[in-house]
Amino acid sequence: MTPLEVDGLRVAVRRRGKALTVLDDVSFAVGAGQCLGIVGESGCGKSLTLRAAMGLLPPGAVRTAGEVRAGSGLAMVFQDSHASLDPTMRIGSFVADVVRRRQGASRAAARRQAVELLAAVGVPDPGLRSRAYPHELSGGMRQRVAIALALATDPGVLLCDEPTTALDVTLQAEILRLLDTAREERGLGVVLVSHDVAVIRQVADVVAVMYAGQIVEAGPASEVLDRPRHPYTRALIDAVPTLDRPPGPFRPIPGAPPDPAAYSPACRFLARCAHRAPACQEVVPGIHALDERHRSACVHQEGT
Ligand SMILES: Nc1ncnc2c1ncn2[C@@H]1O[C@H](COP(=O)(O)OP(=O)(O)O)[C@@H](O)[C@H]1O
Ligand SMILES: [Mg+2]
């Protein structure tokens with residue numbers, strides 16, 4: 001069974017007494033040992049997608065359609081590791097508690113496993129460090145502990161919501177490498193959410209691009225990021241500096257994503273799109289297959 005399959009997901013939130021659809025027909029699958037990157041600007045629905053998959057929607061948000069099938073356990077890592085760590089507990093005890101609850105291991109065995117997990121995520125001197133409290137650790141080290149904590153539940157898929165956004169570039173690369181190692185060594189499926197194309201490019205083998213609550217393009221990373229077919233993907237890529245592109249002026253995407261109250265049945269990127277045509281107003285663009293693995297929601301299919 002596929003470790004995680006999300007099919008036709010729709011989520012609504014309550015705002016001023018009205019139900020507002022914020023996620024619309026979101027579908028994706030994550031295989032064992034695969035890393036799916038979900039990328040898009042802030043507010044486009046990335047966090048709600050992960051929370052809906054995890055079954056952890058915030059109060060006021062409900063799934064109104066679609067299915068989530070998880071063939072194995074899911075665990076989540078957040079941008080802010082303070083959210084997942086207990087400030088009053090030594091990190092080793094905290095991780096050991098999760099191991100104990102999960103496996104019914106003895107106190108000593110759980111303790112040993114906790115130290116092993118801390119070592120596996122690159123905490124130096126893990127025996128000693130396991131006695132530290134979260135506030136005694138740097139941001140990068142805390143994020144490693146948060147990943148150890150997630151791994152302690154032995155998940156099939158790790159859902160990571162902007163796990164490196166609060167970190168500087170060097171730490172960011174280290175954490176991404178760590179996720180990559182866990183993927184390789186444990187056959188862990190990873191969903192990595194980021195607003196940053198450069199982060200997604202470093203680790204994802206499959207990419208889904210989200211805009212205004214919908215997936216507008218998806219496929220193998222090499223296809224989507226090197227030969228984007230949706231104008232929004234193209235615009236996202238052009239808006240960030242990358243090492244493998246000649247330096248030039250960044251071209252930020254003009255305007256901002258629409259508010260969910262203004263989501264239309266026509267193309268939601270229309271107002272900001274460099275390739276808009278009169279027909280775009282009339283067509284309701286469903287995401288459709290370009291080939292076996294690549295999907296796009298643009299009716300023009302430009303950029304080939
Ligand atoms: N708890 C909530 N209640 C109401 N609206 C929410 C809630 N969480 C998110 N939203 C709205 O849903 C949309 C998607 O949010 P989110 O998933 O957090 O986006 P992203 O993670 O891509 O920045 C946004 O318009 C946001 O304002
Ligand atoms: Mg978010």
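Predicted model: local features only at pLDDT ≥ 70, side-chain atom pairs only at ≥ 80, totals over all residues.
Start with the ligand. Ligand 1 is surrounded by residues from several parts of the numbering. Val13 and Val22 are among them. A run from Glu41 through Ser42, Gly43, Cys44, Gly45, Lys46 and Ser47 to Leu48 also lines the ligand. Pro58 and Pro260 complete the surroundings.

Now turn to the helices. Two packed helices are described by the angle between their axes and the distance between the axes. Both values are at hand for each pair below.

Take α2 and α3. Helix α2 covers residues 91-103, and helix α3 covers residues 107-120. Their axes come within 8 Å and cross at roughly 120 degrees. That angle makes α2 oblique to α3. The crossing is right-handed.

Which residues of α2 and α3 meet? From α2 come Ile91, Gly92, Ser93, Val95, Ala96, Val99, Arg100 and Gln103. Facing them in α3 are Arg107, Ala110, Arg111, Gln113, Ala114, Leu117 and Leu118. Sorted by type, the residues of this contact are eight nonpolar, four polar and three charged.

The second pair is α5 and α6. Helix α5 spans residues 139-151, while helix α6 spans residues 169-186. Here the axes come within 10 Å and cross at roughly 20 degrees. Angles under 35 degrees count as roughly parallel, so α5 and α6 are roughly parallel to each other. Their crossing is right-handed.

On the α5 side, the contact is made by Gly140, Gln143, Arg144, Ile147 and Leu151. On the α6 side, Leu171, Glu174, Ile175, Leu178, Leu179 and Arg186 take part. The residues of the contact between α5 and α6 divide into six nonpolar, two polar and three charged.

Terms used. Residues numbered from 1 in each chain as written. Chains lettered and ligands numbered in written order. Heavy atoms only, no water. Axes fitted to C-alpha atoms, helices over the stretch in contact; angles between N-to-C directions. Helix = DSSP H or I, 4+ residues; strand = E, 2+ residues; numbered from the N terminus. Parallel < 35°, antiparallel > 145°, perpendicular 65-115°, else oblique. Left-handed = near helix turned anticlockwise from the far one by under 90°. Contact = heavy atoms within 4.5 Å. Nonpolar A, V, L, I, M, F, W, Y, C, P; charged D, E, K, R; others polar. Near = heavy atom within 4 Å.
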